Amino acid sequence: MANQNANGCIADSVEILDPKPLAVVACGVINPPIVASFNDRIRLLLDCIDKLRHLNIMQEGIQLPTIVVVGDQSSGKSSVLESLAGISLPRGQGICTRVPLVMRLQNDPNITAPNLQLEYNNKSLPVDEIGIADAIILATDEIAGHGKGISNYPLTLVVKKNGVPDLTMVDLPGITRVAVQGQPEDIYEQVYDIIMKYIVPEESIILNVLSATVDFPTCESIRMPQKVDKTGERTLAVVTKADKAPEGLLEKVTADEVNIGLGYVCVRNRIGNESYEEARSDEQRLFSTHPLLSKIDKSMVSVPILAQKLVRIQASIISKCLPEFVRKINDKLALNLAELNRLPQHLTSVAEALTAFMRVLSSSKDSLKKILLSGEFDEYPDDKEMHSAARLVEMLDQYSNELHSKNLEKVEGFLMEEVMVLQETKGIGLPNFLPRAVFLNVLQRIVKEIAASPEDFVGKLWNYLERVVIIVLMYHCENYPQLQSSTRRAAQNLIAKKKNESVDWVREIIGMEKLTDYTCNPDYLTTYSKFMAQQHMFMEIMNDHGKCSVINLEGVGEIDVGHLRKHLDVVQKAFDLKMRMMAYWKIVLMRLVDSMALHIMFNIRNMINKEMENEIIQDLMTPHGGGIERMLIELPLVAEKRNRLKKSVKLLKESKEVVANIMDRISLHDDHERD
């Protein structure tokens, strides 16, 4: 059952292990130490993971390979760890493990006495074998409080000893469904949350401790891991108390009704005051001579076999996952460094602040020149809204089309408006003379009809320019949030002023068009002459009542002029007036569009080159602007983020160095072995 694949991290063969087997019970002979061989490469791998765990690399979202020990309350978890480590852990009724206990076992054949170290709350305390249980209880009380409550804050026990397997395991609180006196009512939920935190990562190996006295499928410690490891490919089961329930145990561990992918190991833990040597001897005798337990395959029984499997599984998953750690650390480090570099520069002097401020103004001005004046959009290639030169042309074309779409050449009732004006402006004077006041009267009416269009256009235009300017300014102020409110306010105020100036200018040119009929454009006379060439044909139809009254006039289209025969006294003047107005109106519309284009570009250029910079400086220097010194004040959120990223970068760099050093040492070790 050994060495099944666990998400790509557990292989069928483990090349990193020493070819010499771990010392185990064989042929009825007891080898007292659980591990008789020392594998330097395993130690290097474990040291790497332990150092990363000590640095708390998990807080960066990088999970470490971990053997997680879970089990129902009183299933014998602590006893299994005692057997592996050869030391005494706290025992008693109820939950003995109230905090995650990280056990780092390190085999050292060169020492004669165990070296034990307890690490918690940034403290490292040496302890001895006799006092280790009491020391763990005191440390647990300090972390989780006195009583029976639990905590998610870990406690680390380092055991350096001759003969222990090189392992790092995390012992978690036992699962209990019913709170006893002194325990919180939600004890099950608290334990559940702690266990799930450790077993959810795919890098975790679950060491599930089961009592032989219970029905496996009903165990909560079976159900809980199955939620995250449905096939059991990263779960190894340890069956305790085999001597108390030998009947049917063989069937339980061979039938595997609960999907334990990495197999079962049955053990007998130390009982009472037995020494660990006596416990191993009794364990060997039990599984060799008991009529039922002796039928279980020897590869599935004893603490030494458990140690061998755990070492192989742990070494394999670490060696397979180490390159992935390097990639994740590098990716996270690059991401955090990039984010740190994007943060606002922490300015410490007025000179620095002034330099940064002028740099913001200069870069903003350059961007706006490129976008609004040069037609470049390399800074915003995918945002068509920011391709401003093209958008301005589109807006001008739309404005021109809107002006020209005003239908001033009415087909129905052709010339009737001109007839009415001429009749109402009759006076004593020479006949066949067209007074200028008549022309101005008609012109003013037509101009009035389109007067709203230019005003609407400049309003839309400056609204668009405001969006563009603020986007550019906010982009260049991104690293200086202290400037953003003042810069945005200044831009809005400036755009509002420019909009009002444009509205005033539009009203002025509309007023001028109403008051004066003038152009030096030769197209006026050319067009007028072309239109008047049709007057002879028009008058023939007017005077010959027998002819068809339908005529096709250039610039007007096909019309019925029969209704005009009632007004023969003024119809010729009306025709002349109409043709003059049609020729002149083309000039007026051209003038309104051309002058608008010139006005826009002139004002945009002035805004970028002169007015924007002055407006921002003036706003910043007002009392509500806070002055240039405002840039020296770092926002609390930015300061907090900077500190967090700096700590993260420091942690990741240290972790990267740890992994690099370990990999170098492994490479040197391999070279030495080959030599």
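Modeller: In this predicted model, two rings of Phe, Tyr or Trp pair if their centres lie within 6.5 Å.

Biologist: How many aromatic pairs does the structure hold?

Modeller: Ring pairs link Phe-439, Tyr-524, Tyr-528 and Tyr-584 into a cluster. For the structure, the count of aromatic pairs is 8.

Biologist: Is the pair of Tyr-524 and Tyr-528 stacked or edge-to-face?

Modeller: The two ring centres are 6.2 Å apart, and the angle between the planes is 10 degrees. Planes under 30 degrees apart count as stacked, and those over 60 as edge-to-face. The pair of Tyr-524 and Tyr-528 is therefore stacked.

Biologist: Why are Tyr-524 and Tyr-528 separated by about one helical turn, and which helix holds them?

Modeller: Tyr-524 is buried, and Tyr-528 is buried too. They are about one helical turn apart because 4 residues separate them along residues 522–532, which make up helix H15.

Biologist: Where does Arg-580 lie, and how far is its C-alpha atom from that of Phe-439?

Modeller: Arg-580 is in helix H17, residues 571–621. Its relative accessible area is 27%, so Arg-580 counts as partly exposed. Arg-580 and Phe-439 are 141 residues apart along the chain, and their C-alpha atoms are separated by 8.4 Å.

Biologist: Which residue lies over the face of Phe-216?

Modeller: A charge sits over a ring if NZ of Lys or CZ of Arg is within 6 Å of the ring centre and within 35 degrees of the ring normal. Here the distance from the ring centre of Phe-216 is 4.7 Å, and the residue is Lys-252.

Biologist: What is the count of disulfides?

Modeller: Cys-48 is buried, at 1% relative accessibility. Cys-219 is also buried, with a relative accessible area of 4%. A disulfide needs a pair of cysteine sulfur atoms within 2.5 Å, and by this rule the count is 0.

Biologist: How much space lies in the largest pocket?

Modeller: Rolling a probe the size of a water molecule over the atoms shows where empty space is left. The space in the largest pocket comes to about 780 Å³.

Biologist: Which residues lining the largest pocket are closest to its centre?

Modeller: The lining of the largest pocket has 10 nonpolar, 11 polar and 6 charged residues. Of the 27 residues in this lining, those closest to the centre are Arg-53, His-54, Asn-56, Met-58 and Pro-154.

Biologist: Which element gives the most to the lining of the largest pocket?

Modeller: Elements that give two or more residues include strands E2 (101–107), E3 (115–120) and E4 (123–127). Helix H4 (187–199) and helix H1 (40–55) also give two or more. With 4 residues, the element that gives the most is H1.

Biologist: How many residues of helix H2 are buried?

Modeller: Helix H2 covers residues 77–85 and is mostly covered. Its buried residues include Lys-77, Glu-82 and Leu-84. Just after H2, Gly-86 takes a positive phi of about 70 degrees. The count of buried residues in H2 is 9 of 9.

Biologist: Which loop holds Asp-256 and Asn-259?

Modeller: Asp-256 is not a glycine but has a positive phi of about 50 degrees. Phi of Asn-259 is also positive, near 55 degrees, and Asn-259 counts as partly exposed because its relative accessibility is 40%. Asp-256 lies between helix H6 (249–255) and strand E9 (264–266). Asn-259 is placed there as well, in the loop between H6 and E9.

Biologist: What separates the C-alpha atoms of Val-209 and Gly-174?

Modeller: Val-209 belongs to strand E7, residues 204–211. Its relative accessibility is 1%, so Val-209 counts as buried. Gly-174 is 35 residues away along the chain, and the C-alpha separation is 9.9 Å.

Conventions:
Residues are numbered from 1 along each chain as its sequence is written. This is a predicted model: local features need pLDDT of at least 70, side-chain atom pairs count only at pLDDT 80 or more; totals for chains, interfaces and linings use all residues. Side-chain values use heavy atoms; hydrogens and water are left out. On a 1 Å grid over the protein atoms alone, a cavity is a set of points where a 1.4 Å probe fits but cannot get out, and a pocket is an open set with protein on both sides within 12 Å along at least five of seven lines; lining residues have an atom within 4 Å of a point. Grid points are joined across faces, edges and corners, and a volume is the space filled by probe spheres set on the points. Ala, Val, Leu, Ile, Met, Phe, Trp, Tyr, Cys and Pro count as nonpolar, Asp, Glu, Lys and Arg as charged, and the others, Gly among them, as polar. Rings of Phe, Tyr and Trp (its six-membered ring) pair if their centres lie within 6.5 Å; planes under 30 degrees apart count as stacked, over 60 as edge-to-face and the rest as tilted. Buried means under 20% relative accessible area, exposed over 50%, partly exposed in between (1.4 Å probe, protein chains only).
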